[in-house]
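Here is a friendly walk through one protein chain, for you to follow with the structure open beside the text. We begin with a term, then visit a residue, a sheet, some helices and the core.

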Amino acid sequence: MVRVRVRGGAPEAGAARRADRHIRRVGLFALPPLLVLAFVLLWAAAGVGAAPGGTLRVHFLDVGQADSIFVQAPGGHAILIDGGNNADGPAVVAYLRKHGVARLDAVIATHPHEDHVGGLDDVLKGFLVSTVYMPNVTHTTRTFEDFVDAARRAGKRIQAKAGVKPNIPGITAVFLAPVGSGYPDLNDYSAVLKLTYGSVSFLFTGDASAASEGQMLASGADLHATVLKVGHHGSSSATTAPFLRAVAPRYAVISVGAGNPYGHPAPVTLGRLKQAGVTVFRTDQQGTVVASTDGKSVRFSLSKAGTAAAAGSAVAAAHAAGSQNITVFVTKTGHKYHRQGCRFLARSQIPLTLAEAKAQGYTPCSVCNPPQ
Ligand SMILES: [Zn+2]
Ligand SMILES: [Zn+2]
């Protein structure tokens with residue numbers, strides 16, 4: 001495991017505290033009155049029983065050229081932001097199951113592009129889901145229609161837009177975008193979520209690009225975050241200089257596929273992050289990136305470097321430990337190593353460990369057949 005530990009970000013100034021919950025009874029968000037009542041009751045109940053303390057874990061899943069982020073709140077509540085491409089659905093479901101998820105308190109579909117909602121229909125069919133948050137925009141693709149069908153069956157849908165605050169006990173959650181509507185680029189409809197736990201905060205930007213970033217800045221919301229999920233896979237169309245200055249992250253995570261045809265992440269974006277002194281993690285290079293925080297400091301676990309290096313060295317260490325415990329014998333002039341008592345050891349018998357024998361180029365005797 002590769003780990004980094006630091007102190008957390010600055011305390012939050014309170015902004016974007018205005019609008020609470022918006023239930024639009026139009027289009028994608030039409031809700032039967034009984035469901036609304038149930039939702040309000042659930043909402044009231046959800047504030048009770050928040051476990052104090054504990055760890056917030058944010059898993060940036062390695063889903064190639066796509067986004068999927070799994071959040072485990074300190075009180076045990078679970079959130080999924082995007083579900084990767086269509087083909088990633090089963091892997092995302094498996095990852096959640098592996099982490100003991102039975103129910104998701106919130107599923108957030110940042111925007112209708114396949115690399116964000118593609119795998120979500122599998123997730124919505126595979127788990128109990130309390131609330132689906134999505135921006136008020138549609139897209140005429142089979143993938144998006146599959147997602148909307150699954151979301152309708154899953155239950156409550158709430159429009160994600162600036163000011164909406166999902167209730168996740170133990171942490172503070174607020175959407176900072178979309179601020180407006182009518183964007184020519186679907187990416188700018190991205191639901192941007194800020195999560196705060198103690199003095200540590202995360203900003204999940206989806207594919208929000210320059211237009212949305214400008215509106216978030218103009219909205220006066222507190223954009224500061226300890227960890228930034230870099231917008232639009234590190235595209236040059238996002239992470240503008242003024243936005244990056246306002247977020248002022250210590251860490252950034254880029255969810256991106258190796259060798260993608262878009263040239264993500266853009267060198268100009270990487271340059272800006274570097275210039276700002278931000279430590280950057282990339283799913284194409286480090287696999288699934290997990291940030292853990294107690295609300296004061298953040299620690300990162302990198303699965304690719306971690307799994308490969310740790311597993312590799314563990315195996316090597318086990319081999320070394322085994323061969324270091326085995327004694328074999330060589331002779332002054334021979335090129336073979338032997339078991340004790342082998343007839344070739346009549347003249348000289350020099351003990352050494354199996355590991356040493358192998359390291360020195362000795363090969364096993366074919367007569368006594370020593371351990372290999
Ligand atoms: Zn995307
Ligand atoms: Zn997109």
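A residue is called buried if 20 or more other C-beta atoms lie within 10 Å of its own, exposed if 12 or fewer, and partly exposed in between, with C-beta atoms placed from the backbone. Please keep in mind that this is a predicted model: local features need pLDDT of at least 70, side-chain atom pairs count only at pLDDT 80 or more, and totals for chains, interfaces and linings use all residues. Residues are numbered from 1 along each chain as its sequence is written, while chains are lettered from A and ligands numbered from 1 in the order in which they are written.

**A first stop: Ser255**

Is Ser255 buried or exposed? Ser255 counts as buried because 30 C-beta neighbours lie inside 10 Å. Its place is in the loop between strand E12 (251–254) and helix H8 (267–275); helices (H or I, at least four residues) and strands (E, at least two) are DSSP runs, numbered from the N terminus. Which residues does Ser255 touch, once those up to four places away in sequence are set aside? They are Phe60, Ala66, Asp67, Lys229, His233 and Thr283, where contact means that the C-beta atoms, placed from the backbone, lie within 7 Å. His233 is 22 residues from Ser255 along the chain, and their C-alpha atoms are separated by 5.4 Å.

**The sheet beside it**

Strand E12 belongs to an open sheet of 6 strands, in the order E8-E9-E10-E11-E12-E13, with mixed pairing. Two strands pair if DSSP finds at least two bridges between them. E8 and E13 stand at the edges with a single partner strand each, so one side of each has no neighbour in the sheet. From one strand to the next the twist averages 20°, an angle taken between N-to-C directions on a scale from 0 to 180 degrees, with axes as lines fitted to C-alpha atoms (for helices, over the stretch in contact).

Leu176 counts as buried because it has 27 C-beta neighbours inside 10 Å. Ala191 is 15 residues from Leu176 in sequence, and the pair are 7.5 Å apart in space, C-alpha to C-alpha.

E12, H8 and E13 together make a right-handed β-α-β unit; right-handed means that, with the strands pointing away from the viewer, the path from the first strand over the helix to the second runs clockwise.

| H8 (267–275) | Thr269, Arg272, Leu273 | 95° |

What covers the buried residues of H8 includes helix H7 (241–247), E12 and E13. The face of H8 turned away from that side carries the exposed residues Pro267, Gly271, Lys274 and Gln275. After H8 comes Gly277, with a positive phi near 75°.

Gly100 follows H2 and has a positive phi, near 75°.

**The core and the whole**

A nonpolar core is a set of buried Ala, Val, Leu, Ile, Met, Phe, Trp, Tyr and Cys residues joined through C-beta atoms within 7 Å. The largest one has 84 residues, and those with the most contacts inside it are Val107, Ile108, Phe175 and Val192. Helix H5 (residues 142–154) gives the most to this core, with 6 residues. Another core lies apart from it, with 8 residues, among them Val328, Phe329, Leu354 and Tyr362.

Overall, the protein has 11 helices and 19 strands, and 45% of its 372 residues are buried. Among contacts between residues at least 6 apart in sequence, 69% join residues at least 24 apart.

How values were computed:
Two residues are in contact if their C-beta atoms, placed from the backbone, lie within 7 Å. The arc is that of the directions from the helix axis to the C-beta atoms.
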